[in-house]
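Here is a short briefing to read alongside the sequence and the model. Please keep both in view as you go through the points.

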Amino acid sequence: MAKIQNNYDNLNEQINISNQYYKAQHSKNEKAGQSLDMTDFLTLMVAQFQNQDIDNPADTTTMMTQMVQMSVIQAITDISQLISDSTNMTYGASLIGKEVTVGVYNSDFTDLEEITGVVTGTGQQDGKQVIFIGDKTYLVSDIMAVGRLPAKEEDKKPDDSTDVPPAE
């Protein structure tokens, strides 16, 4: 494993290293170690047939029922993912031309910088929904507000007053 200087250096590299470490060694599933798919189910079923007891063979009816159930679950999962992706794309597209405030941490994760700008486009990068502000790319999940955030207390001038004058 690569040596990391502090907890926040190369955070994505740390995540990738740990994912590779814990990933199932012989699986062809891209999400190995995170979830099971139909390929994993079929691999288990073939292994069960290859190692079944001669005196007590596997019940093919039960296997077919399980395979149908797994197919239905896979189809529902696929539909759910499509709906989620479509919803995210629609939300991203609805932001085009609007001013948003995005929160981005500095390199050592000690300070949150608020960036305000007009969304010029949207898309997907590495499977995640992103927006474009000028020539920069930000995750949709980094959006703190549509529009500008109110000024922080320490940013306000001493003569700024939020008191309402008494009615006459």
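**Start at one glycine**

Beyond its neighbours within four places in sequence, Gly121 touches Ile96, Ile131 and Phe132, where contact means heavy atoms within 4.5 Å. This is a predicted model, in which local features need pLDDT of at least 70 and side-chain atom pairs count only at pLDDT 80 or more, while totals for chains, interfaces and linings use all residues. Residues are numbered from 1 along each chain as its sequence is written, and side-chain values use heavy atoms, with hydrogens and water left out.

**More on Gly121**

- Gly121 sits in strand β2; helices (H or I, at least four residues) and strands (E, at least two) are DSSP runs, numbered from the N terminus.
- With a relative accessibility of 10%, Gly121 is classed as buried; buried means under 20% relative accessible area, exposed over 50%, and partly exposed in between, with a 1.4 Å probe and protein chains only.
- Leu95 is 26 residues from Gly121 in sequence, and their C-alpha atoms are 8.3 Å apart in space.

**The chain as a whole**

- You will find 3 helices and 5 strands in the protein chain, following the pattern α-α-α-β-β-β-β-β along the sequence.
- The protein chain has 168 residues, and 17% of them count as buried.
- Among contacts in the protein chain with a separation of 6 or more, 42% are between residues 24 or more positions apart.
- The accessible surface of the protein chain is about 13400 Å², and carbon and sulfur atoms hold 52% of that surface; areas come from the Shrake-Rupley method with a 1.4 Å probe, and for residues only the protein chains shown count as cover.

**The sheet and its helix**

- An open sheet is built from 5 strands in the order β4-β3-β2-β1-β5, with antiparallel pairing; two strands pair if DSSP finds at least two bridges between them.
- The edges are β4 (136–139) and β5 (143–146), each of which pairs on one side only.
- From one strand to the next, the twist averages 50 degrees; axes are lines fitted to C-alpha atoms, for helices over the stretch in contact, and angles run from 0 to 180 degrees between N-to-C directions.
- Helix α3 (residues 60–94) packs on the sheet and touches β2, β3 and β5, its direction making about 120 degrees with that of β2.

**Strand pairs to look up**

- Strand β2 (residues 112–125) pairs with strand β3 (residues 128–133) in the antiparallel sense over 6 bridges, and Val119 has Ile133 in β3 as its bridge partner.
- Antiparallel strands β3 and β4 are joined by 4 bridges, with Val130 opposite Leu139 in β4.
- The hairpin of β3 and β4 has 2 residues between the strands, and Gly134 in the turn shows a positive phi of about 65 degrees.

**Charges and a nonpolar patch**

- How many salt bridges does the structure hold? There is 1, a salt bridge being a side-chain nitrogen of Lys or Arg within 4 Å of a carboxyl oxygen of Asp or Glu.
- Glu99 and Arg148 meet through their side chains in a salt bridge (3.3 Å, N to O).
- Because Glu99 lies in strand β1 (residues 99–105) and Arg148 in the segment after β5, the pair ties together parts 49 residues apart in sequence.
- Glu99 is partly exposed at 31% relative accessible area, whereas Arg148 is exposed at 61%.
- Tyr105, Phe109, Leu112 and Met144 make a nonpolar surface patch of about 350 Å²; patches are made of residues with over 30% relative accessible area and no salt bridge, like charges being joined within 9 Å and nonpolar side chains (Val, Leu, Ile, Met, Phe, Trp, Tyr) within 5 Å.
- Met144 belongs to strand β5 and is partly exposed, at 36% relative accessible area.
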